[in-house]
Structures are given as structure tokens and as C-alpha cells.
Amino acid sequence: MALVIRYAALDDLDAVAPLFNDYRVFYQLASDPALARTYLAERLANLQSVVLLAELDGVAVGFIQLYPGFCSLAAAPYWLLNDLYVSPAARGHGVARALMDKAREHAIATGADRLDLSTAHTNTTAQALYESLGYQLDQTYRYYSLPLAR
């Protein structure tokens with residue numbers, strides 16, 4: 001099996017948008033293919049995120065979406081690894097690890113201080129992957145979120 005990890009562009013929306021929709025469904029949101037496509041199109045068109053696409057034997061099977069950020073204390077940029085998804089049929093073939101490796105390479109190449117991510121407390125499979133790659137659970141800061149009505 002040939003695994004390729006590459007940067008996605010607007011031309012890849014037909015391949016990435018269904019995966020993004022499946023990712024949202026995995027997190028128990030309603031399926032909305034149009035929303036998934038529009039959201040990704042806006043991020044890519046406005047250069048607001050980097051999407052890494054995994055193809056196994058020429059078929060899109062996973063992606064990572066990275067958002068740029070800046071750390072005032074480190075006075076340096078960082079990347080937020082916000083989304084990682086691999087289709088169920090492609091799991092167990094090293095796709096997630098390859099995507100994570102490419103994200104790390106991208107962060108280093110762009111002079112980032114670090115990669116940050118979060119996952120559900122119950123997503124122990126992802127936690128095991130992250131820890132095997134050297135990610136550390138934050139013991140210093142407690143993160144909060146303020147939901148805003150739209």
C-alpha cells in the first residue's frame with residue numbers, strides 16, 4: 001500500500017470535505033456535507049489553516065487541519081493541531097502517525113515553538129498515539145472555553 005501525505009489545496013475539496021464531515025460526525029455532530037465543504041473552502045481560500053491530506057493507494061483516507069497561533073510568553077508562533085481524522089477502513093495502517101509526523105515537519109519548517117492539540121477525555125486511542133509521539137499532557141495550565149451564541 002502506497003501512503004502519501006501532502007498539502008491539500010482548494011482543488012482537493014471533493015476529497016477532503018467528506019472526510020471532514022465524517023470527522024464532525026465522529027464527534028456526534030449532525031452530518032452536513034455542505035457545511036463541511038464551505039468551512040474548509042473558506043479556511044483554505046483565506047489561508048487560515050493548513051490541511052494535510054493522507055492518500056492510501058490514491059484514495060483520500062485522512063487529514064489533519066492546523067491553525068496558526070502565537071505564544072506571547074515564548075514570543076514565538078505555534079500550530080494548533082485542531083483536527084485529525086482517519087477513515088475507519090484505513091485505520092491500523094499508520095496513516096494517523098504519518099499525518100502527525102508531517103504536521104511536526106511542517107511546524108519545524110515554519111519556525112514554530114510547538115504543536116498544541118486537545119482530544120476528548122474518552123479518546124484513549126488518540127491519547128496513546130499522541131503520547132507515543134512525545135506529546136505531553138499539560139500539568140501547568142487549566143484551559144477554559146466560553147461558548148458564544150451565534
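Which residues in α3 meet Leu129, Tyr130 and Ser132 in α4? In this predicted model, the residues of α3 that do so are Ala96, Arg97 and Met100. By class, the residues of this contact of α3 with α4 comprise four nonpolar, one polar and one charged.

**Helix pairs**

Two packed helices are described by the angle between their axes and the distance between the axes. The table gives these values for two pairs.

| Helix pair | Residues | Angle between axes | Axis distance |
|---|---|---|---|
| α1 and α2 | 13-26 and 33-45 | roughly 120° | within 8 Å |
| α3 and α4 | 95-109 and 124-132 | about 45° | 11 Å |

The axes of α1 and α2 cross at roughly 120°, and α1 is therefore oblique to α2. The crossing in which α1 passes α2 is right-handed. On the α1 side, the contact is made by Leu13, Asp14, Val16, Ala17, Phe20, Asn21 and Arg24. On the α2 side, Pro33, Leu35, Ala36, Arg37, Tyr39, Leu40, Ala41 and Leu44 take part. Sorted by class, the contact of α1 with α2 has eleven nonpolar residues, one polar residue and three charged residues.

For α3 and α4, the packing angle is about 45°, and these two helices are therefore oblique to each other. A right-handed crossing also describes how α3 passes α4.

**Aromatic pairing in α1**

Eight aromatic pairs are found in a search of the whole structure. Phe20 and Tyr23 form a stacked aromatic pair, with 6.1 Å from centre to centre and 25° between the planes. Because Phe20 and Tyr23 are three residues apart in helix α1, about one helical turn separates them. Phe20 is also one of the α1 residues that make the contact with α2.

**Annotated region**

An unreviewed UniProt entry lists residues 3-150 as "domain: N-acetyltransferase". Over residues 3-150, the chain is 34% helix and 26% strand. The end C-alpha atoms of this stretch are 40 Å apart.

Notes: Residues are numbered from 1 along each chain as its sequence is written. This is a predicted model: local features need pLDDT of at least 70, side-chain atom pairs count only at pLDDT 80 or more; totals for chains, interfaces and linings use all residues. Side-chain values use heavy atoms; hydrogens and water are left out. Axes are lines fitted to C-alpha atoms, for helices over the stretch in contact, and angles run from 0 to 180 degrees between N-to-C directions. Helices (H or I, at least four residues) and strands (E, at least two) are DSSP runs, numbered from the N terminus. Angles under 35 degrees count as roughly parallel, over 145 as roughly antiparallel, 65 to 115 as roughly perpendicular and the rest as oblique. A crossing is left-handed if the near helix is turned anticlockwise from the far one by less than a right angle, and right-handed if clockwise. Contact means heavy atoms within 4.5 Å. Ala, Val, Leu, Ile, Met, Phe, Trp, Tyr, Cys and Pro count as nonpolar, Asp, Glu, Lys and Arg as charged, and the others, Gly among them, as polar. UniProt positions are given in the numbering used here, feature names are shortened, and annotations may be inferred rather than shown by experiment. Rings of Phe, Tyr and Trp (its six-membered ring) pair if their centres lie within 6.5 Å; planes under 30 degrees apart count as stacked, over 60 as edge-to-face and the rest as tilted.
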